[in-house]
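Subject: Structure handover and notes

Hello,

Please find the structure below. My notes on it come after.

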Amino acid sequence: MAAVAAAAARSLARSRGRFLVPTLPGGPHPRANVASLAGLSRGKRVALGALGVLTVGGAGLAWALQSSVNASELELHPPSYPWSHNGLLTALDHSSIRRGYQVYKQVCSACHSMEYLSFRNLVGATHTEEEAKVLAEEVEVQDGPNENGEMYTRSGKLFDRFPNPYPNAEAARAANNGALPPDLSLILKARDGGEDYVYSLLTGYCDPPAGVTIREGLYYNPYFTGQAIAMAPPIYNDILEYDDGTPATMSQVAKDVCTFLRWAGEPEFDDRKRLGLKTVLIASVVIPFVYLMTKHKFSVALSRKMFYQRRD
C-alpha cells in the first residue's frame with residue numbers, strides 16, 4: 001500500500017511540474033522542471049547581464065546626484081577639522097577654553113544666553129576661584145524678596161547663572177527682527193556636525209551667488225539651513241584683545257569659542273576620557289587573571305568525560 005501511495009504522489013507532482021516526494025531506493029529519478037538561463041543563448045545572457053548592470057548603475061548614480069546636489073538647495077556641509085580634543089587620549093585645551101569664554105563674554109553674550117552654566121563651573125576649568133568670584137561680582141543680580149517684601153539687586157556670586165541678555169523670549173525676538181537667538185549651553189550637541197558646523201558657520205559669511213536674493217536684515221551663509229541668517233557676521237580679525245596675548249585672528253577666535261562651547265556642553269569631557277583610560281588599564285589586568293583562574297578552577301569539570309551504561 002505504501003508503494004502504491006508513493007507512486008500516486010509522484011505522478012501528481014510530475015503533472016504539476018514539481019517533484020514533491022523523494023523517490024524510493026532503486027526507483028526512477030525524474031528531473032525537476034526548473035526554468036534557468038541555461039537554455040538561453042550566450043548573446044541573450046550577455047544582454048541580460050548588461051541590462052542589470054546599467055539598471056543598478058543608473059539607480060546608484062541618480063541617488064548620488066540627488067544626495068550631493070539639489071537645485072533647490074545651496075546648503076554646504078561643513079568639512080571635518082582636526083580638533084585637538086577628538087583623539088581617544090587627548091583632553092580639551094583649557095587655555096583655549098579660557099580664551100573662548102572671553103570671546104563669549106565680550107562678543108556672544110550680547111545676544112546669546114548660557115542658562116545652564118554658573119560661575120562656579122569656571123573654577124578649576126578656566127579660572128581660579130578668586131578670578132571666578134571677580135567675574136561673578138561684575139554682574140548685577142536681582143534677588144529677593146527681603147524682609148520688607150521688596151526685590152533688590154546684589155553683586156553676583158559663584159552659584160549664580162550666567163546673565164541672560166534679555167528678560168524673556170519676546171524681548172529677544174523684538175530686538176532681533178523676530179529671530180530668537182538660541183541658548184549656547186548645549187548648542188554643539190544640538191547641531192549636527194558639532195564644532196565643525198559652528199566653526200564653518202562663524203567663518204562662512206560671504207556674498208550671495210548670482211541669482212540668489214537675500215532680503216534686507218538677513219545675511220548669506222551657505223552653511224546655515226536656508227542660507228539666510230539673521231545674525232550679522234559676529235567675528236572678524238582683531239575683534240578683541242586676548243588677555244594672554246594670542247593674536248585674535250578670525251580663525252583663532254572661532255576655534256577658541258568652539259572649544260569653549262564643547263566644554264560648556266560637556267564639562268565632564270576630560271573626566272570621562274580619564275575614567276575610560278583607567279577602565280581599559282584595569283580591565284587589561286583583571287580580565288586575563290579572571291580567565292586563568294576560571295580555567296584553573298573548572299579544569300577538572302571541563303576535562304571530565306562521563307560514560308553512561310545502559311542497564312537492561
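This is a predicted model: local features need pLDDT of at least 70, side-chain atom pairs count only at pLDDT 80 or more; totals for chains, interfaces and linings use all residues.

Residues are numbered from 1 along each chain as its sequence is written, and side-chain values use heavy atoms, with hydrogens and water left out.

Overall fold

The protein chain has ten helices and four strands; helices (H or I, at least four residues) and strands (E, at least two) are DSSP runs, numbered from the N terminus. Along the sequence the pattern is α-α-α-α-β-β-α-α-α-β-β-α-α-α. Of the 312 residues, 26% count as buried, where buried means under 20% relative accessible area, exposed over 50% and partly exposed in between (1.4 Å probe, protein chains only). Among contacts (heavy atoms within 4.5 Å) with a separation of 6 or more, 59% are between residues 24 or more positions apart.

Helix α8 (250-265) has 16 residues and spans 23 Å from its first C-alpha to its last, close to the 22 Å expected at 1.5 Å a residue. The expected span is 1.5 Å times one less than the number of residues. Twelve of the 16 residues of α8 are buried, which leaves the helix mostly covered. The buried residues of α8 include Val253, Val257, Phe260, Leu261 and Trp263, and also Arg262. The cover over them includes α3, α6, α7 and α9 (269-297).

Asp256 is a residue of α8 and is buried, with a relative accessible area of 0%. What does Asp256 contact, leaving aside its neighbours within four places in sequence? The partners are Ser96, Arg99, Gly100 and Tyr242. Ser96, Arg99 and Gly100 are also among the buried residues of α3.

Helix α3 (residues 94-106) has 13 residues and reaches 18 Å between its first and last C-alpha, close to the 18 Å expected at 1.5 Å a residue. Besides those named above, the buried residues of α3 include Ile97, Tyr101, Val103 and Tyr104. The cover over the buried residues of α3 includes α4 (129-137) and α8. At the N-terminal end, α3 is capped by Asp93, with a side-chain oxygen 3.2 Å from the backbone nitrogen of Ser95. For reference, a polar contact is a pair of N or O atoms within 3.5 Å; within protein, one must be able to donate a hydrogen and the other to accept it, and residues adjacent in sequence count only if both atoms are side-chain atoms.

Largest pocket

The largest pocket has a volume of about 810 Å³. On a 1 Å grid over the protein atoms alone, a pocket is an open set of points where a 1.4 Å probe fits, with protein on both sides within 12 Å along at least five of seven lines; lining residues have an atom within 4 Å of a point. Grid points are joined across faces, edges and corners, and the volume is the space filled by probe spheres set on the points.

The lining has 33 residues, and His112, Pro181, Pro182, Ile229 and Met231 lie nearest the centre of the pocket. By class, 26 are nonpolar, four polar and three charged. Here Ala, Val, Leu, Ile, Met, Phe, Trp, Tyr, Cys and Pro count as nonpolar, Asp, Glu, Lys and Arg as charged, and the others, Gly among them, as polar. Helices α7 (195-203) and α8 each supply at least two lining residues, and α7 gives the most, with four.

Leu201 lies in α7 and counts as buried at 11% relative accessibility. Not counting residues up to four places away in sequence, Leu201 touches Asn221, Tyr223, Phe224 and Ile229.

Most residues other than glycine have a negative phi, and most peptide bonds are trans. The peptide bond from Gly144 to Pro145 is cis, with omega near 0 degrees, and Pro145 sits in the loop between β1 (140-143) and β2 (152-155). Asn177, although not a glycine, has a positive phi of about 55 degrees; Asn177 is in the loop between α5 (169-175) and α6 (187-190) and is exposed, at 71% relative accessible area. Asp238 has a positive phi of about 60 degrees, again without being a glycine. Asp238 is in the loop between β4 (228-229) and α8 and counts as exposed at 60% relative accessibility.

Regards
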